[in-house]
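I opened the model to look up its strands, its surface and a few side-chain contacts. My entries follow.

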Amino acid sequence: ELYAKNNPVGVGNVNLKPEEIDTLELAFLYEPITNLTTGLSLYKFEAENMIDYIQAGNIKVAQNNTNLTGQGFEIELDWIINDEMELLVNYANQSTKNDATDVEVAFNPKQQLYIDVRRKMLPKWTVSSQLNLVADRERAQGDTRSDVGDYALVDLTIRHKKNDWG
């Protein structure tokens, strides 16, 4: 971002200031029963001097252009159901706004849900199925296209462990 010259997307700017972020987080971890861990995290942040590529004639130049303010929370659960099965769940809800316009940052998901179910099968074999839901993303201000759709990503992973240490 400082020295790029031959990039077709944009050129650098030696006068850039570093991006800065101040964060405040309050986190709780609770184990209500053996093998069940829950967590709650509340956070807020302020980011200054965020770098964007701004149109300058027929090229885009890196500029310190944006200050952002965000806040949110995250809830998580890790439950070892028995010797063969584990459940991991994580839900996040966040909002990040441009300080100058008080508008949500484009394409940032306001909500995410992640679920991972793991099952030990044969000796040294584990099967894991994950679901990742991403929801409530805004388009850039002035973009008149239809809303950005939510999506779900499903993965299936089969792991083999050669030995007990890796």
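**Nonpolar patch**

I began with the nonpolar patch and found that β1 and β2 each supply at least two of its residues. The model is predicted, so I kept to the rules for that: local features need pLDDT of at least 70, side-chain atom pairs count only at pLDDT 80 or more, and totals for chains, interfaces and linings use all residues. Residues are numbered from 1 along each chain as its sequence is written, and side-chain values use heavy atoms, with hydrogens and water left out.

I listed the patch members: L26, F28, L40, L42 and I75 make a nonpolar surface patch of about 420 Å². Patch residues have over 30% relative accessible area and no salt bridge; nonpolar side chains (Val, Leu, Ile, Met, Phe, Trp, Tyr) are joined within 5 Å, like charges within 9 Å. A salt bridge here puts a side-chain nitrogen of Lys or Arg within 4 Å of a carboxyl oxygen of Asp or Glu. Areas are Shrake-Rupley values with a 1.4 Å probe; for residues, only the protein chains shown count as cover.

I checked F28, which lies in strand β1. F28 counts as partly exposed at 45% relative accessibility. The classes are buried under 20%, exposed over 50%, partly exposed in between (1.4 Å probe, protein chains only).

**Hairpin**

I counted buried residues in β1 (residues 20-33): 0 of its 14 residues. Strands are DSSP E runs of at least two residues, numbered from the N terminus. I then followed β1 to β2 (residues 36-56); the two pair in the antiparallel sense over 12 bridges. Pairing requires at least two DSSP bridges. I traced T23 across to its bridge partner in β2, F45. The hairpin has 2 residues between the strands, and N35 takes a positive phi near 75°.

**Aromatic pair**

I found 1 aromatic pair in the structure. F73 and Y91 form it, tilted, at 6.0 Å centre to centre and 50° between the planes. F73 is in β3 (residues 59-82) and Y91 in β4 (residues 85-98), so the pair ties together parts 18 residues apart in sequence. Ring centres (Phe, Tyr, or the six-membered ring of Trp) must lie within 6.5 Å; planes under 30 degrees apart are stacked, over 60 edge-to-face, the rest tilted. F73 is partly exposed at 28%. Y91 is partly exposed at 22%.

**D116**

I ended at D116 in β6 (residues 111-120). Is D116 buried or exposed? D116 is buried, at 0% relative accessibility. Its side chain makes polar contacts with the side chains of Y114 (3.1 Å) and R118 (3.0 Å). A polar contact is an N or O pair within 3.5 Å; within protein, one atom must be able to donate a hydrogen and the other to accept it, and residues adjacent in sequence count only if both atoms are side-chain atoms.

Definitions and conventions. Helix = DSSP H or I, 4+ residues; strand = E, 2+ residues; numbered from the N terminus.
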